[in-house]
Amino acid sequence: MLEYCHGEHRYLERPVGCFVPNMVQFWDDLFQLLEKVGLRVLLTPYDTFFMWIRWRHHPYNRANGGVCATQAEWLTSPGMRAAMKHRLAFASARWGSSSALFAWDIWNEIHPAHGGDDPATAAPFIADVAAWLRTYEKERHGFANLQTVSVFGPELINHPMLAEAIFRHPALDFANTHLYETGTIDLPRDTVNPALAVARLMGTAVEEAGDRPVFDSEHGPIHSFKDKKRTLPAAFDDEYFRHIQWAHLASGGAGGGMRWPNRHPHVLTPGMRAAQRALADFLPLIDWTCFRRRNLSDELRCNDPGLALVGCGDERQALVWTVRTDSLSSEGMIEPRRDAPAARLIVPGLHDGEYVVTTYDTRAGLITARLRAPSADSVLEATVEPVHSTLAVSIRAAGDAEVSAGK
């Protein structure tokens, strides 16, 4: 967020249109660090949460010499549009050519309330601002950075009309959601059910987005932390995080999703970083450049009734994540089931032929086995090792896998 305005010393502009030197220097320094270590940032111009609840203080408020009177005018006010484009122009001119800029989230958690409680205001807002920014960047840089608009996931249920703008608007390059399902993701009592909620929500998002990439850029135990004033125990939180990221990836999402820490201190734990490393090391087992995935979770089958299966695939590749649902401890974490049977997976949709099946320990970040299995009548059956807690499986056409391995 270019501006995280939870206090009075974090505004990027004050007054509107006048950029605060220390905040500009902050972003100059941060982009230099991002480039140095090879990180990339999804950048959004406003923190709409704190801008909403602290609107009386914000420089954009007309009462403070700003551009609009109420939050309900944000998406429709010509003055707000002009101020936003001025901010984006400044930011793009200064940082838009940086290798550290992954994409613009041109509006954080777009909401009907930002447009007079009318969900129909989202699409024309996106069309105007996204087209303007793309033209501006092409003229200035010779290229345009990727663009998206994020949404607080539950609002897609409250306002189904938003789905068209979020998942399929022609001016956007990918779709982006914030997953905070009530009672599971936002208030976890175990480490499995929140991940299965992510799998269900991401499966729907993948279906809505079609060929367009989609990922979650905010999730976590926000209700536990913010309202219940409870920081999850590190071991529990690490497993909760790890399961969610694998559910996200295996559902067909891009990457493992992005966690809002909701911890003291406000950072990911070392265990979460290790989980990210393990997921990154798995990625070469799929050829993402030609993966035209669709969600397969409802079509996957297994002989072990204690396993939940999450997966995606196309005609030549598939990715499956398995997790035990029958061995949760009293603390809500998985107790490995040592008597689990060998798992026989049934994966539909693969062209007939021979496939390389690779199993992967998601906690240790290690390949555990490779075997070959045939697909006949577009159905692959493969018997893999017993799943004691969780296991990821990549499936690739034999010829493709061998080429990838340099054989």
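Where does proline 15 lie? Proline 15 is in the segment before helix 1 (21–37); helices (H or I, at least four residues) and strands (E, at least two) are DSSP runs, numbered from the N terminus. Arginine 14 and proline 15 are joined by a cis peptide bond with omega of about 0°. A cis bond also joins histidine 264 and proline 265, with omega of about -5°, and proline 265 is placed in the loop between helix 9 (234–250) and helix 10 (270–282).

## Basis of the model

This is a predicted model, in which local features need pLDDT of at least 70, side-chain atom pairs count only at pLDDT 80 or more, and totals for chains, interfaces and linings use all residues. Residues are numbered from 1 along each chain as its sequence is written, and side-chain values use heavy atoms, with hydrogens and water left out.

## Positive phi values

Glutamate 109, in the loop between strand 2 (101–105) and helix 4 (122–141), has a positive phi near 50°. This residue counts as buried because its relative accessibility is 18% (buried means under 20% relative accessible area, exposed over 50%, partly exposed in between; 1.4 Å probe, protein chains only).

Lysine 229 has a positive phi near 60° and is found in the loop between helix 8 and helix 9. At 69% relative accessibility, lysine 229 is exposed.

## Tryptophan 52

Tryptophan 52 belongs to helix 2 and is partly exposed, its relative accessible area being 32%.
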